[in-house]
Amino acid sequence: MKAAYFVGTARKDLAEFPESARRRAGHELFMVQVGREPEDFKPMPSVGPGACEIRVQDKAGAFRVIYVAKFIHAVYVLHAFQKKTRETAKAHIDLAARRYKLLGEES
């Protein structure tokens, strides 16, 4: 199983999801850690190579977790947020992309 590392405020942001959305997102991240695909996800090439977005729909709204799992020993959670518009706001994509670039600097 790969370790999960949270970049920036991603852990705090995920912890602020409503309980049911947080549990669902946590389960989906666990699936990624053990090498399986999440139930509902999409690639996010605009963030960086190998970046994906877990999509959680909850009675409280739509929630997203952007992560990258292409590294051998770890899954990096780049950003977690509640989606309030049809399209993912550019600010969310840009933040995840900046955090993705940090991974390359630390390697």
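**Cores, rings and a surface patch**

The largest nonpolar core in this structure has 16 residues, and Leu14, Phe17, Leu29, Val65 and Tyr67 have the most contacts inside it. Helix H1 (10-15), helix H2, strand S3 (51-58), strand S4 (61-68) and strand S5 (74-83) each contribute at least two residues to this core. H2 gives the largest share, with four residues. Please keep in mind that this is a predicted model.

**Inside the cores**
- As background, nonpolar side chains in soluble globular proteins tend to be buried together.

**Aromatic rings**
- Three aromatic pairs turn up when the whole structure is searched.
- One of them joins phenylalanine 71 and tyrosine 76 in an edge-to-face arrangement, with 5.5 Å centre to centre and 85 degrees between the planes.
- Phenylalanine 71 is partly exposed, at 27% relative accessibility, and tyrosine 76 is partly exposed too, at 21%.
- Tyr5, Phe71 and Tyr76 are linked into a cluster by ring pairs.

**On the surface**
- Met1, Phe30 and Val34 make up a nonpolar surface patch, and together they have about 310 Å² of accessible area.
- Valine 34 sits in the loop between helix H2 (19-33) and strand S2 (41-43).
- Because its relative accessible area is 38%, valine 34 counts as partly exposed.

Methods:
Residues are numbered from 1 along each chain as its sequence is written. This is a predicted model: local features need pLDDT of at least 70, side-chain atom pairs count only at pLDDT 80 or more; totals for chains, interfaces and linings use all residues. Side-chain values use heavy atoms; hydrogens and water are left out. Patches are made of residues with over 30% relative accessible area and no salt bridge: like charges are joined within 9 Å, nonpolar side chains (Val, Leu, Ile, Met, Phe, Trp, Tyr) within 5 Å. Accessible areas come from the Shrake-Rupley method with a 1.4 Å probe; for residues, only the protein chains shown count as cover. A salt bridge is a side-chain nitrogen of Lys or Arg within 4 Å of a carboxyl oxygen of Asp or Glu. Buried means under 20% relative accessible area, exposed over 50%, partly exposed in between (1.4 Å probe, protein chains only). A nonpolar core is a set of buried Ala, Val, Leu, Ile, Met, Phe, Trp, Tyr and Cys residues joined through side-chain atoms within 4.5 Å. Rings of Phe, Tyr and Trp (its six-membered ring) pair if their centres lie within 6.5 Å; planes under 30 degrees apart count as stacked, over 60 as edge-to-face and the rest as tilted.
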